[in-house]
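Hello,

Here is the structure I promised to pass on. Please open it first, then read my notes below.

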Amino acid sequence: MSTTKSLFVRRYVPGLVLLAIGAYFGFVVALAEFNNINLGFGLATGLQAAIAAIAAVAGTISFLIVDDVETSAKGPNILLVAGIICFLIGSYIGLFVAPPEQHMGEVQRIMYVHVPTAWNALLAMTVAFASAVVFLFKSDWKWDAVMEGSIEVGVVFAFLLCAQGSIWAKPTWNVWWDWDPRLTTTAVLLFAFLGILALRRFVEDPVKRGIWSSVATIIAYVDVPIVYFSVKWWNSLHQTQSSPGTVSKQFYLPLRANAIGILFLMTAFIMLRARISALRLKQELAPPPLVEAQLGEVV
Amino acid sequence: MTGNVTGGWNFVVAAYAVTAAVFVLYGVSLITRLRDARSRAAEER
């Protein structure tokens, strides 16, 4: 095996194994159970969901830690393909196999894309927060690039989340938008992170840009737990979170398949976007080329 | 009024179409921007 190949395997295999465990307990076991095959090692549904979530998030973190933003895009490309496959499977089951829900009917199928988008939007912003903290402590430019990537991906996902939510709100609440605590705190989060992207665009000095946007990201992240707990803290139109024990497998199977698929896509998007930021940073941080007069002095 | 939602497939199709469109367009934009950034970096070298 060539050195490059061996380095690639060593770098990405642990993350791929963790993501595979996440996908296995996330939806392969549920898919098998759907066909009366038991692959769950006798574990309770809630425990399977917890293992899936921990393994998937650990896989994402592993990928982002070992990823060298200055190399080829082979790692993110693998995740892109895996994400598209999982998302297609989940959407097929959600649209054509899962039954309509008792009260919301067919409209409830929007949940299979809306909830995974919400989880991954908050996760992308958590990656931005962690990258901001690491950048401030270690001054490693890789984390500045990852922070910019995860902020942009978080903004795209939050925008998509609001669009899906509006489409779901119209047939169920009879309005496209309501200033309900969950929706309002999500809109605040979207515009706060959009503001940080704008700040990064206007500040030319990479050192000032990195520090200021890291501090702004840490402050804006305060809204993430508020978004999550808003439905519990305040009287909200938006429904509260369900637990795996209270949802039938016909409903959680497409939900988990899409959650894993969108997680793979989100990780791949962050890794690709971080490469774009890293290339720009490399140009900005490079020493200025010697002008002719200086060249003459050197010679 | 039963309190149950009937129909609504048009909303389901719209939500899935918006989701797929955002993923495809954002993915394509990232690949294009990365290619441009790489060629710009190669030119400057």
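**The second largest pocket**

Helix 9 of chain A gives the largest share of the lining of the second largest pocket, 6 residues. Keep in mind that this is a predicted model.

The lining has 18 residues in total. Nearest the centre of the pocket lie A:E148, A:R201, A:R273, A:I276 and A:R280.

What is the lining like by class? It has 11 charged, 5 nonpolar and 2 polar residues. The volume of the pocket is about 400 Å³.

**Two helices in chain A**

Now look at helix 4 (residues 111-138) and helix 5 of chain A. Their axes are 7 Å apart, and the packing angle is about 155 degrees. Angles over 145 degrees count as roughly antiparallel, so helix 4 of chain A is roughly antiparallel to helix 5 of chain A. The crossing of these two helices is left-handed. Their contact has 23 nonpolar, 8 polar and 1 charged residues.

Where is A:A53? Look in helix 2 (residues 45-66) of chain A. A:A53 has a relative accessibility of 43%, so it counts as partly exposed. Then find A:A259. In sequence, A:A53 and A:A259 are 206 residues apart. In space, they are 9.5 Å apart, C-alpha to C-alpha.

Best wishes

Key
Residues numbered from 1 in each chain as written. Chains lettered and ligands numbered in written order. Predicted model: local features only at pLDDT ≥ 70, side-chain atom pairs only at ≥ 80, totals over all residues. Heavy atoms only, no water. Helix = DSSP H or I, 4+ residues; strand = E, 2+ residues; numbered from the N terminus. Buried < 20%, exposed > 50% of the residue type's maximum accessible area, 1.4 Å probe, protein only. 1 Å grid on protein atoms, 1.4 Å probe; cavity = no way out; pocket = protein on both sides within 12 Å on 5 of 7 lines; lining within 4 Å. Points joined across faces, edges and corners; volume = space filled by probe spheres on them. Nonpolar A, V, L, I, M, F, W, Y, C, P; charged D, E, K, R; others polar. Axes fitted to C-alpha atoms, helices over the stretch in contact; angles between N-to-C directions. Parallel < 35°, antiparallel > 145°, perpendicular 65-115°, else oblique. Left-handed = near helix turned anticlockwise from the far one by under 90°.
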